[in-house]
Amino acid sequence: MSAVADTLTHWFNFPENIEKLMFPSRTHESRDHENKGCSSIPADVLDTPKEFIFYLDVPGLSKSDIQVTVEDENTLVIKSGGKRKREEVEEEGCKYIRLERKAPQKLMRKFRLPENANVSAITAKCENGVLTVVVEKLPPPPKPKTVEVAIA
């Protein structure tokens, strides 16, 4: 019974499974090997009629710390080697008594883009700790016309 419950729980995790269907990635093994030492960036992906919009949380990082590239013609790669800076304590005798906000060393996230993504029309902006990447869609291919020919 627990195997059935585990399977149902896995398949009803809709946001994760929708992303896997729309933007399938490489196998977990290769992804884990590539991202060794990197933290994953939480992301939301919105599919609109004209574009795909990626929202990624990058608190404490500036736009100069973030790289957005396309690899292998259809893989969107977002990474940062930047480090979030802690507020410096200037007064003598002051020290942190608790440090809960983790300062990641590196961040990386990869998304395989669908065939209708226009990789030459990608824009990105970083505001208030959120990176927004917009990937325009290519226009749909023209529908083939059927011409009826009269037989004499």
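Guide: A nonpolar core here is a set of buried Ala, Val, Leu, Ile, Met, Phe, Trp, Tyr and Cys residues, joined through side-chain atoms within 4.5 Å. Buried means under 20% relative accessible area. The model is predicted.

By that definition, the largest nonpolar core has 16 residues. Those with the most contacts inside it are Phe-54, Leu-56, Leu-76, Ile-78, Leu-131, Val-133 and Val-135. In soluble globular proteins, nonpolar side chains tend to be buried together.

Not counting residues up to four places away in sequence, Val-135 touches Glu-51, Phe-52, Phe-54, Leu-76, Leu-113, Ala-117, Asn-118, Ala-121 and Ile-122. Two of these, Phe-54 and Leu-76, are also listed with the most contacts inside the core.

Now place the core in the fold. The protein chain has three helices and eight strands. Along the sequence the pattern reads α-α-α-β-β-β-β-β-β-β-β. Of the 152 residues in the chain, 24% are buried. The chain exposes about 12,000 Å², and carbon and sulfur atoms supply 55% of that area. Among contacts between residues at least 6 apart in sequence, 57% join residues at least 24 apart.

Strands β7 and β8 run antiparallel, joined by seven bridges. One detail ties back to Val-135: its contact Ala-117 has Lys-137 as bridge partner in β8.

Strands β5 and β6 sit in the other sheet, ordered β1-β6-β5-β4, with mixed pairing. The edges are β1 (39–40) and β4; each has a single partner strand, so one side of each is left without a neighbour in the sheet. Six bridges join β5 (residues 75–80) to β6, and the two run antiparallel. Thr-75 has Arg-112 as its bridge partner in β6.

Next, the charged pairs. Side chains of opposite charge can pair when their charged atoms come close. The whole structure holds two salt bridges. One joins Asp-47 to Lys-137, with the closest N and O atoms 2.4 Å apart. Asp-47 lies in β2 (residues 43–47) and Lys-137 in β8 (residues 130–137), so this pair ties together parts 90 residues apart in sequence. Asp-47 has 41% relative accessibility and counts as partly exposed. Lys-137 has 18% and counts as buried, because the cut-off for buried is under 20%.

The other salt bridge joins Glu-71 and Lys-110, at 3.5 Å from N to O. It too links distant parts of the chain: Glu-71 is in β4 (residues 66–71) and Lys-110 in β6 (residues 107–112), 39 residues apart. Glu-71 is partly exposed, at 27% relative accessible area. Lys-110 is buried, at 18%.

Last, the loops between the strands. Most residues other than glycine have a negative phi, and most peptide bonds are trans. Asp-72 has a positive phi, near 50°. This residue is in the loop between β4 and β5. Asp-72 is exposed, with a relative accessible area of 53%. Asn-128 also has a positive phi near 50°. It is in the loop between β7 and β8. At 81% relative accessibility, Asn-128 counts as exposed.

Gly-60 is in the loop between β3 (51–57) and β4. Gly-60 is exposed, with a relative accessible area of 54%. Between Gly-60 and Val-130 there are 9.6 Å in space, C-alpha to C-alpha, although they are 70 residues apart in sequence.

Back to the core, then.

How values were computed: Residues numbered from 1 in each chain as written. Predicted model: local features only at pLDDT ≥ 70, side-chain atom pairs only at ≥ 80, totals over all residues. Heavy atoms only, no water. Salt bridge = Lys/Arg side-chain N within 4 Å of Asp/Glu carboxyl O. Helix = DSSP H or I, 4+ residues; strand = E, 2+ residues; numbered from the N terminus. Buried < 20%, exposed > 50% of the residue type's maximum accessible area, 1.4 Å probe, protein only. Pairing = 2+ DSSP bridges. Contact = heavy atoms within 4.5 Å. Areas by Shrake-Rupley, 256 points an atom, 1.4 Å probe, with all protein chains shown as cover.
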